[in-house]
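I opened this entry to record what I looked up in one protein chain, going from the whole chain down to single side chains.

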Amino acid sequence: MRQPTEARGTAASAGAASAAAEPDAHARADRLERMLGDPCDPAGPVGLRALLEAGRDGVRCAAGEAVLDDFGLGAEFVPRDRGGRLERADGLAAVLAAVFRRDLALGFGHGMTSLFAASPVWAAGSERQREAVAGLLLGGGRAAIVHHALAHGNSLLRGEVTATRRAAGRGFVLDGRKEAVMNADRAGMFTVYARAAAAAQGPGGLSVLLLDRDTFDRDTFDRDGSARFTGLRPTDGLRGGYTGGLELQGRTVPEESLVGHEGQGMRLALQTFQLSRALIPAALVAGSDTVLRTAVAAAARQAPNGIGDRFGGLLAGVFADLLLCDSLAQSALRALHLTPHSAHLTSATVKYLVPDLLRDGLEELAQILGTAGPDGELGAAQLRKLLRDAPAAGLGHAGTAACQAVLVPQLPRLAARSWFTAPEPPHALWTAGAALPPLDLGGLAVAGGDDTLAAALVHAARRVRDGGATGPYGPVLSRLVTAFVTELGLLRDRLRLLAPDGRPVPPGPAVYSLTDRYVLVAAAGAALATWERRGGPDCFASHPSWLVLALLRLARRLGLTGLPGPSPAVVERVGGEALARWRTGRSYDLRAAPLCGERP
């Protein structure tokens, strides 16, 4: 495989070279935030209005991409031992949040798809493949991923590529068509999931191949017509990310294109999807942050002394949900480092639940933005765009079905052998800034392990009930955690009835319903453990008000009875923090990062 030469921009190279001088991910995230500028500036080249126009027109935001090139975003996707900046998954999410707060399409089109394409190479690629991909991304180039077809797939997953092995180890012949490949027109490399032409459907028939575009003609992709870019394919979401069709007809590739070994493709997908399933919820939290900010601004302008009785409870509730979702995303990101034997469970749980929670919150915010007149116009447009983009970012129903495919077969085993018996997970899972072992995508398990979220709930709830929560919030918090632990016990009993021996049960309405309830209980465990581990009395994330409100909203979703509604004190405290963060320009996540933006 030749060293790629695509997109060797001096600005991108200079940005990548700053890794040694700026090793802290949060410092880089803050720098990128400043580089992107005020998103509410109507004349800003990377402002929300410019990004909305790019999405409406189905084109890339050139100014935004130029900023990300200057920053050297590609280096964030390359491990540090390969010359890049990638060390921590949660640090990567912090950097990307600056982009996703503005536009999912910009984040995916410029970078995230390159990370997903590179991940199988980091997990199982040869030294030569890793060197080539690192060189491409550090030089400002991009990679594209050609997914394998999935049941219930949307346009991003429609179509399939087959690979026919040539004689005497002379490589493969690729045939097939994919309707929508992000960056197909400009990618320097393609990571292709291809099914063996003679293989039946099954895990052993899928392989990963790395194609170097430098071997192809720039204009036609291949002069003999065996590989060609078939033009833009409009999509409902992520239109500014620019997706196009890719067709392969008898395209020969050398043996050295194989990533890992033949038939390893399904395992590589299950391993690397764990990273994407953790990053996508973090991206959606960042995108929802901006919509909440515009809603708070609209409400504050209607009630100058606060956010008013009319919308205070709504804004406080959505803010609490954002903190809950961020606690889930952060735990999934750190699990990749700390609990590689069970990170597949955590990432699938988080990816299954977070998009639904955030979508419901966005629909609540529409009540404010839809009645705010000109003050809510920009936020309403951003909300509509995010509601279109989010399903495409998470692969829609296909993403949900894939998470179900991870969780449903394992729930009976977890109920029989993990819940209420597993040891407490490492505290670093919930502790911002805690030291993490290196990220090893190739070392991630794809089945088995304990349920860290359920274990966190059980152990933290015991401490709360034993007096860990004092003050005015103590009694209601104790009742809440008791209710969630009781619900976990009921889920265990119901799963034992379905599968007394802990073996998988056939998919169906009963187990799907239990899965829906399980992820809500697991979310309570992540929120409770995160609250316990946040330091400092001045840190809002360590205050019990948001936790109480988030748990009450989860309990309502579960239909738990006998619990009080949120008290005025809880709503006032959480709503007051939401207003304060808008006034001081800080993000609506656990980090409360400084932002560029409007001030009152």
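I call a residue buried when its relative accessible area is under 20%. The model is a predicted one, and by that cut-off 61% of the 600 residues of the protein chain count as buried.

**Whole chain.** I looked up the secondary structure and found 18 helices and eight strands in the protein chain. I then turned to the contacts between residues at least 6 apart in sequence, of which 77% join residues at least 24 apart. The accessible surface of the chain comes to about 21500 Å², and carbon and sulfur atoms account for 54% of that area.

**Strand 1.** I followed strand 1, residues 143-146, and noted that Ala 143 and Ile 145 point one way while Ala 144 and Val 146 point the other way, with all of them buried. Strand 1 pairs with strand 4, residues 189-196, in the parallel sense over four bridges, and in this pairing Ala 143 stands opposite Met 189 of strand 4.

**Helix 6 against helix 11.** Two packed helices are described by the angle between their axes and the distance between the axes, so I looked up both values. Helix 6 (residues 104-124) and helix 11 (residues 377-393) pack at about 35 degrees, and their axes are 9 Å apart. From helix 6, Leu 104, Ala 105 and Phe 108 take part, and they meet Lys 385, Leu 386, Asp 389, Ala 390 and Ala 393 of helix 11. Sorted by class, this contact has six nonpolar residues, two charged ones and no polar ones.

**Helix 10.** I checked the span of helix 10, residues 343-369, whose 27 residues reach 38 Å from the first C-alpha to the last, close to the 39 Å expected at 1.5 Å a residue. Because 20 of its 27 residues are buried, helix 10 is largely enclosed by the rest of the structure.

**Two single residues.** Is Gln 330 buried or exposed? Gln 330 lies in helix 9, residues 308-338, and it counts as buried because its relative accessibility is 15%, which falls under the 20% cut-off. Setting aside residues up to four places away in sequence, I found that Gln 330 touches Asp 90, Leu 429 and Leu 590.

I then looked up Glu 577, which is in helix 18, residues 568-584, and which is buried with a relative accessible area of 10%. With its neighbours within four places in sequence left aside, Glu 577 is in contact with Phe 319, Phe 540 and Arg 586.

Key:
Residues are numbered from 1 along each chain as its sequence is written. This is a predicted model: local features need pLDDT of at least 70, side-chain atom pairs count only at pLDDT 80 or more; totals for chains, interfaces and linings use all residues. Side-chain values use heavy atoms; hydrogens and water are left out. Buried means under 20% relative accessible area, exposed over 50%, partly exposed in between (1.4 Å probe, protein chains only). Helices (H or I, at least four residues) and strands (E, at least two) are DSSP runs, numbered from the N terminus. Two strands pair if DSSP finds at least two bridges between them. Contact means heavy atoms within 4.5 Å. Accessible areas come from the Shrake-Rupley method with a 1.4 Å probe; for residues, only the protein chains shown count as cover. Axes are lines fitted to C-alpha atoms, for helices over the stretch in contact, and angles run from 0 to 180 degrees between N-to-C directions. Ala, Val, Leu, Ile, Met, Phe, Trp, Tyr, Cys and Pro count as nonpolar, Asp, Glu, Lys and Arg as charged, and the others, Gly among them, as polar. The expected span of a helix is 1.5 Å times one less than its number of residues.
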